[in-house]
Amino acid sequence: MATKSFLKNINIKTAKQAHNLIDALEKAEHHHGEEIVMSRAVNEVPRDQMKNFVKNIRGLA
């Protein structure tokens with residue numbers, strides 16, 4: 001798993017936001033999830049090819 005996906009800065013400005021974050025983290029800690037079966041083919045795009053991948057996707061839209 002890429003570490004960049006969860007190494008983010010979080011700005012918490014209110015007590016409610018802090019409570020919501022703590023609540024979400026606690027729920028995630030105890031959630032073991034279920035097995036996922038992919039219904040489509042999955043391809044991993046290397047970092048150095050991402051720019052071309054996005055250009056191709058935008059060209060299709």
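Val54 is partly exposed, at a relative accessible area of 32%. The model is predicted. Val54 sits in helix α2, which covers residues 50-60.

Val54 also belongs to a nonpolar surface patch. Patch residues need over 30% relative accessible area. Val54, at 32%, therefore passes that cut-off.

## The salt bridge

How many salt bridges does the structure hold? The count is one. The side chains of Asp23 and Lys27 form it, with an N to O distance of 3.5 Å. A salt bridge requires that distance to be within 4 Å, so this pair qualifies.

Both residues lie in helix α1, residues 15-30. Asp23 and Lys27 are four residues apart, so about one helical turn separates them.

Are the two partners buried or exposed? Asp23 is partly exposed, with a relative accessible area of 30%. Lys27 is exposed, at 56%. The cut-off for exposed is over 50%, which is why Lys27 is classed that way.

## The chain as a whole

The fold has two helices and zero strands. The chain has 61 residues, and buried residues make up 0% of them. Buried here means under 20% relative accessible area.

The chain exposes about 6,800 Å². Carbon and sulfur atoms supply 55% of that area.

Methods
Residues are numbered from 1 along each chain as its sequence is written. This is a predicted model: local features need pLDDT of at least 70, side-chain atom pairs count only at pLDDT 80 or more; totals for chains, interfaces and linings use all residues. Side-chain values use heavy atoms; hydrogens and water are left out. Patches are made of residues with over 30% relative accessible area and no salt bridge: like charges are joined within 9 Å, nonpolar side chains (Val, Leu, Ile, Met, Phe, Trp, Tyr) within 5 Å. Accessible areas come from the Shrake-Rupley method with a 1.4 Å probe; for residues, only the protein chains shown count as cover. Buried means under 20% relative accessible area, exposed over 50%, partly exposed in between (1.4 Å probe, protein chains only).
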